Amino acid sequence: MPALIRKNHETKVSEQKKVVMWGTGKPMKDILYVDDCADAYINLMNQYSEELHVNIGTGEDIELEELMKIIIRIIGYEGDIQ
């Protein structure tokens, strides 16, 4: 995520007309805010004693291309995605 934000910001600042997306943009990712992850770890340490694995996530996947479009909109970049 930080690399994606940096890449889009640098593209905007350097006034390039296109930002190059790595890969196809089709993989799906579950993006979790670090504070939410930390809260989940603390909760598990205090209340969980089972032997089963626990997956921490939002349960909502987003396509990387869509995530790139959201970042571009927030940053204010007005070029194209290649």
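1. The model is a predicted one, in which local features need pLDDT of at least 70 and side-chain atom pairs count only at pLDDT 80 or more, whereas totals for chains, interfaces and linings use all residues. Residues are numbered from 1 along each chain as its sequence is written, and side-chain values use heavy atoms, with hydrogens and water left out.

2. Helix α1 (2–13) has twelve residues and reaches 16 Å from its first C-alpha to its last, close to the 16 Å expected at 1.5 Å a residue; the expected span is 1.5 Å times one less than the number of residues. Helices here are DSSP runs of H or I with at least four residues, strands are runs of E with at least two, and both are numbered from the N terminus. Leu4, Lys7, Asn8 and Thr11 of α1 are buried (buried means under 20% relative accessible area, exposed over 50%, and partly exposed in between, with a 1.4 Å probe and protein chains only). Seen down the axis of α1, these buried residues fall within an arc of 90°, so they line one face of the helix; the arc is that of the directions from the helix axis to the C-beta atoms.

3. The face of α1 turned away from its buried side carries the exposed residues Pro2 and Val13. The cover over the buried residues of α1 includes β1 and α3, where contact means heavy atoms within 4.5 Å. After α1 comes Glu15, with a positive phi near 55°.

4. For the twelve residues of helix α3 (residues 64–75), 1.5 Å a residue predicts a span of 16 Å, and the end C-alpha atoms are 16 Å apart, which agrees. Its buried residues are Leu67, Met68, Ile71, Ile72 and Ile75, and, seen down the axis of α3, they fall within an arc of 140°, so they line one face of the helix. Arg73 and Ile74 are exposed on the face turned away from that buried side. Among the elements covering the buried residues of α3 are α1, β1 (18–19), β3 (62–63) and β4 (80–81). Gly76, which follows α3, has a positive phi, near 95°.

5. Four salt bridges are counted, each being a side-chain nitrogen of Lys or Arg within 4 Å of a carboxyl oxygen of Asp or Glu. One of them joins Arg6 to Glu10, with the closest N and O atoms 3.7 Å apart; both residues lie in helix α1, four residues apart, about one turn of the helix. Arg6 is partly exposed at 45% relative accessible area, and Glu10 is likewise partly exposed, at 44%.

6. Glu65 pairs with Lys26 in a salt bridge whose closest N and O atoms are 3.0 Å apart. Glu65 lies in helix α3 and Lys26 in the loop between β1 and β2 (28–29), so the pair ties together parts that are 39 residues apart in sequence. The side chains of Lys69 and Glu65 also meet in a salt bridge, at 4.0 Å from N to O. Salt bridges that share partners join Lys26, Glu63, Glu65 and Lys69 into one network.

7. Tyr41, Ile42, Met45, Tyr48, Leu52, Val54 and Ile56 make a nonpolar surface patch of about 690 Å². Patches consist of residues with over 30% relative accessible area and no salt bridge, with like charges joined within 9 Å and nonpolar side chains (Val, Leu, Ile, Met, Phe, Trp, Tyr) within 5 Å; accessible areas come from the Shrake-Rupley method with a 1.4 Å probe, and for residues only the protein chains shown count as cover. Val54, in the loop between α2 (34–47) and β3, is partly exposed, with a relative accessible area of 36%.
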